[in-house]
2 protein chains.
Amino acid sequence: MARKTGSHAEITGPKVREAALRLFARHGFAAVSMRQIAAEVGVQAGALYLYTPDKETLLFELLQSHMEDLLTAWEAEQKGDMPEERLEAFVRFHIRFNLDRAEAVFLSYMELRNLGPENFRVIEDLRKRYETELETILRDGQSAGAFAVPDTKLAAMAIIAMLTGVNTWFREGGRLSRARVEEIYWDMVRKSVSA
Amino acid sequence: MARKTGSHAEITGPKVREAALRLFARHGFAAVSMRQIAAEVGVQAGALYLYTPDKETLLFELLQSHMEDLLTAWEAEQKGDMPEERLEAFVRFHIRFNLDRAEAVFLSYMELRNLGPENFRVIEDLRKRYETELETILRDGQSAGAFAVPDTKLAAMAIIAMLTGVNTWFREGGRLSRARVEEIYWDMVRKSVSA
DNA sequence: GATTGAACTGAACGCACGTTCAGATAATCT
DNA sequence: AGATTATCTGAACGTGCGTTCAGTTCAATC
């Protein structure tokens with residue numbers, strides 16, 4: 001070996017992904033060069049290819065691990081039994097998780113088109129799984145008479161779009177705290193599906 | 001002159017903008033080359049510079065004219081007097097207009113970061129003017145006791161995000177008609193701001 | 001202290017980029 | 001018919017791209 005066994009590689013690998021995530025989110029996938037990423041990491045461009053086979057795969061892995069983190073975190077969430085509790089948990093979770101990972105969220109909404117067809121489908125499937133989580137809550141609530149939504153699929157899309165929109169305007173230390181934002185959105189969502 | 005006075009120019013100019021809009025929306029600003037746009041128009045790359053000083057300005061003018069069309073169309077809309085009527089008009093208008101111009105909408109949400117600071121500010125101001133239109137409706141409705149929104153600014157952002165989200169999933173000829181989609185979204189929005 | 005091999009450099013590959021511009025083309029005007 | 005000029009071509013400019021790879025470095029191992 002060389003350079004402290006499993007040391008530089010275990011440091012540089014994550015640094016590459018962090019730099020790529022930040023730069024892709026800021027400037028867009030196509031506008032960021034491998035050389036820029038390398039410079040951010042403090043390494044020459046060629047060295048990046050020890051950590052990714054190519055640029056598209058680097059993007060794909062960022063998106064994939066983001067979506068998997070999202071699903072894993074949601075599964076681990078305390079959810080309650082009643083439809084209204086479950087919906088509230090989803091709303092608060094989505095806002096909280098997305099604000100914590102604004103760059104990855106931005107990426108996975110904007111840069112899907114830079115993936116090849118197979119990679120695209122993988123991310124799309126993960127996204128659909130997440131959307132189905134919300135739709136299931138809405139359908140169960142509808143059956144139980146707790147909600148009155150004309151179309152659960154559409155309502156799921158509408159709610160997710162509304163919640164994800166927080167990322168476009170929320171600024172830490174601004175007029176509203178995260179907790180307050182969660183409250184207000186939950187209020188609007190609750191009413192929007194109410195009977 | 002040459003080539004039928006004011007003929008080719010009046011044809012090629014719009015064709016350039018149409019091709020640029022379609023390609024930018026499909027592949028992203030940075031990923032589309034001037035040569036691709038030229039090929040779509042049926043002309044050499046150099047000829048594009050008769051119609052735009054540079055690539056960024058081409059993007060800027062697409063975004064600017066889209067936002068101005070949006071504001072103009074909204075001003076021309078029948079709006080009613082009561083807060084609830086005005087809100088309904090906004091919801092239906094936004095969905096209808098955005099579905100009709102999906103590519104331009106996509107562009108103006110995704111490619112703002114490719115503008116220089118001055119151009120960016122121009123588009124941001126136009127967008128803010130549109131958001132303020134909705135916020136005014138909500139504030140008036142709140143004052144009149146017709147709505148109960150904890151924060152009109154936030155509610156405006158939430159509603160616009162929700163409505164714009166239609167563009168990500170709606171497909172012509174799909175399960176739901178435009179009219180039905182308008183109905184359902186109006187139902188959700190109405191309830192979400194209800195007292 | 002010699003050997004090993006993971007980690008990285010630095011230069012190179014062919015290619016495409018945005019933009020410029022001298023010159024060709026052809027519809028209109030005199 | 002000849003002059004004019006809006007429109008467009010085709011080649012070129014320097015630059016930067018993604019990717020490859022032979023060679024260098026040096027901590028860990030024996």
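Predicted model: local features only at pLDDT ≥ 70, side-chain atom pairs only at ≥ 80, totals over all residues.
## Overall make-up of chain A

Chain A has nine helices and zero strands, and when its elements are read from the N terminus on, they run α-α-α-α-α-α-α-α-α. Along the principal axes, the C-alpha trace of chain A spans about 65 × 40 × 35 Å.

Of the 195 residues in chain A, 33% count as buried. When contacts in chain A between residues at least 6 apart in sequence are considered, 69% of them join residues at least 24 apart.

## Helix 4 against helix 6

Two packed helices are described by the angle between their axes and the distance between the axes. In chain A, helix 4, which covers residues 83-100, packs with helix 6, which covers residues 117-143, at an angle of about 155°, and their axes are 9 Å apart. Angles over 145 degrees count as roughly antiparallel, and helix 4 of chain A and helix 6 of chain A are therefore roughly antiparallel to each other. The crossing of these two helices of chain A is left-handed.

On the side of helix 4 of chain A, the contact is made by Pro83(A), Glu84(A), Arg86(A), Leu87(A) and Phe90(A), while helix 6 of chain A brings Leu134(A), Ile137(A), Asp140(A) and Gly141(A). Sorted by class, the contact of helix 4 with helix 6 of chain A has five nonpolar residues, one polar residue and three charged residues.

## Helix 4 against helix 9

Helix 4 of chain A also packs with helix 9 of chain A, where the two axes come within 10 Å and cross at roughly 140°. That angle makes helix 4 of chain A oblique to helix 9 of chain A, and the crossing of these two helices is right-handed.

From helix 4 of chain A, the residues Leu87(A), Glu88(A), Val91(A), Arg92(A), Ile95(A) and Leu99(A) take part, and they meet Arg178(A), Val181(A), Glu182(A), Tyr185(A), Trp186(A) and Val189(A) in helix 9 of chain A. The residues of this contact between helix 4 and helix 9 of chain A divide into eight nonpolar, no polar and four charged. Leu87(A) is listed in the contact of helix 4 with helix 6 of chain A, and Leu87(A) is also listed in the contact of helix 4 with helix 9 of chain A.

## Two residues of helix 6

Ile123(A) is found in helix 6 of chain A, and with 19 other C-beta atoms within 10 Å this residue is partly exposed. Leaving aside neighbours within four places in sequence, Ile123(A) is in contact with Leu63(A), Gln64(A), Met67(A), Ser108(A), Leu112(A) and Leu115(A). Ile123(A) and His66(A), which are 57 residues apart in sequence, are 9.7 Å apart in space from C-alpha to C-alpha.

In chain B, Asp125(B) is found in helix 6, which covers residues 117-143. Asp125(B) has 10 other C-beta atoms within 10 Å and is exposed. The C-alpha atoms of Asp125(B) and Ser192(B) are separated by 27 Å, and these residues are 67 residues apart along the chain.

## How the two chains meet

Chain B can be laid on chain A with an RMSD of 0.0 Å by a turn of 180° and a shift of 0.0 Å along the axis. That is the relation of a two-fold axis. Between the chains, 24 residues of chain B are in contact with 24 residues of chain A. On the side of chain B that touches chain A, the elements that give two or more residues are helix 7 (152-164) and helix 9 (178-192) of chain B, and by class this side has 15 nonpolar, five polar and four charged residues. Of the interface residues of chain B, 100% are also interface residues in chain A, so the copies meet through the same surface.

Helix 9 of chain A, residues 178-192, packs with helix 9 of chain B at an angle of about 125°, with their axes 7 Å apart, and the two helices are therefore oblique to each other. Helix 9 of chain A passes helix 9 of chain B in a right-handed crossing. In this pairing Met188(A), Lys191(A) and Ser192(A) meet Met188(B), Lys191(B) and Ser192(B), and the residues of the contact divide into two nonpolar, two polar and two charged.

Methods. Residues numbered from 1 in each chain as written. Chains lettered and ligands numbered in written order. Axes fitted to C-alpha atoms, helices over the stretch in contact; angles between N-to-C directions. Helix = DSSP H or I, 4+ residues; strand = E, 2+ residues; numbered from the N terminus. Parallel < 35°, antiparallel > 145°, perpendicular 65-115°, else oblique. Left-handed = near helix turned anticlockwise from the far one by under 90°. Contact = placed C-beta atoms within 7 Å. Nonpolar A, V, L, I, M, F, W, Y, C, P; charged D, E, K, R; others polar. Least-squares fit on C-alpha atoms with pLDDT ≥ 70 in both. Buried ≥ 20, exposed ≤ 12 C-beta atoms within 10 Å, placed from the backbone.
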